[in-house]
Amino acid sequence: MTTQEKLEELQETLDMFADPSGRADLLIGFADKFATVPPEVATPPWPKSHQVPQCESEAYVWVTLHPDRTVSLHFAVENPSGISAKALAVILDKVYSGQPAEDVLALDTEIVERVFRQNISMGKGLGLKSMVLAVQALTRDALKRAQA
């Protein structure tokens, strides 16, 4: 399935839960599927170079670039109550892992509004957008290292 098809499928799922309580239940369901970064990628203490700036949930991101230029995304969320960060991590992993690095670079922070709508605070929204930007920055770094 292409990235665009995965995004369309995500949007269809989100559209089925138009009311705020239904949407919240859906996002909690996503967060419940969160699995932290595997030990073959990273182990605690997490390096500051992978910490998401402005994220209230103390989230960390890793991007693995494969020889075919597809990526795998990995996340750690230190705040046990970081439901929004965990939900976004699951969504980003589901949509973008296994996809071309170029698709990750085209990722728009607008995904945060599409997923959470206006149901989050400004501070939380900034942190979640920072997760998206961190994924992109680490993908760019991985591509640069691969070309060197």
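Predicted model: local features only at pLDDT ≥ 70, side-chain atom pairs only at ≥ 80, totals over all residues.
1. In the contact between helices α2 and α3, L27, I28, F30 and A31 of α2 meet I83, K86, A87, V90 and I91 of α3. Contact here means heavy atoms within 4.5 Å. The helices and strands are DSSP runs numbered from the N terminus (H or I, at least four residues, for helices; E, at least two, for strands). The residues of this contact divide into eight nonpolar, no polar and one charged.

2. Residues are numbered from 1 along each chain as its sequence is written, and side-chain values use heavy atoms, with hydrogens and water left out.

3. Two packed helices are described by the angle between their axes and the distance between the axes. For α2 and α3 the angle is about 70° and the axes are 7 Å apart. That makes α2 roughly perpendicular to α3. Axes are lines fitted to C-alpha atoms, for helices over the stretch in contact, and angles run from 0 to 180 degrees between N-to-C directions. Angles of 65 to 115 degrees count as roughly perpendicular, under 35 as roughly parallel, over 145 as roughly antiparallel and the rest as oblique.

4. Helix α3 (residues 83–96) also packs on helix α6 (residues 122–147), at an angle of about 30° and with the axes 10 Å apart. These two helices are therefore roughly parallel to each other. The crossing of α3 past α6 is right-handed, a term used if the near helix is turned clockwise from the far one by less than a right angle; anticlockwise is left-handed. On the α3 side the contact is made by S84, A85, L88, A89 and L92, and on the α6 side by K124, L128, M131, V132 and V135. By class, the contact of α3 with α6 has eight nonpolar, one polar and one charged residues.

5. The largest nonpolar core has 40 residues, and F75, L92, I111 and M131 touch the most other members. A nonpolar core is a set of buried Ala, Val, Leu, Ile, Met, Phe, Trp, Tyr and Cys residues joined through side-chain atoms within 4.5 Å. Buried means under 20% relative accessible area, exposed over 50%, and partly exposed in between (1.4 Å probe, protein chains only). Elements that give two or more residues to this core include α1 (3–15), β1 (59–65), β2 (71–77) and α5 (111–116). Helix α3 gives the most, with nine residues.

6. Which residues does I111 contact, leaving aside its neighbours within four places in sequence? They are L7, L10, I91, L92 and V132. Another core, of six residues, lies apart from the largest one, and among its members are A42, W46, Y60 and A76.

7. Some backbone details deserve a check by eye. Most residues other than glycine have a negative phi, and most peptide bonds are trans. A cis peptide bond joins P44 and P45, with omega about 0°, and P45 lies in the loop between α2 and β1. E58 is not a glycine, yet its phi is positive, about 50°. E58 lies in the loop between α2 and β1 and counts as partly exposed, at 34% relative accessibility. R69, also not a glycine, has a positive phi of about 70°. R69 is placed in the loop between β1 and β2 and counts as partly exposed, at 32% relative accessibility.

8. Is H50 buried or exposed? H50 is buried, with a relative accessible area of 18%, and its place is in the loop between α2 and β1. Not counting residues up to four places away in sequence, H50 touches A59, Y60, V61, W62 and L138.

9. K6 is in helix α1 and is buried, with a relative accessible area of 19%. K6 and Y96 are 90 residues apart in sequence, and 8.4 Å apart in space, C-alpha to C-alpha. Leaving aside its neighbours within four places in sequence, K6 is in contact with M1, K94, V95, S97 and Q99.

Technical notes: Nonpolar A, V, L, I, M, F, W, Y, C, P; charged D, E, K, R; others polar.
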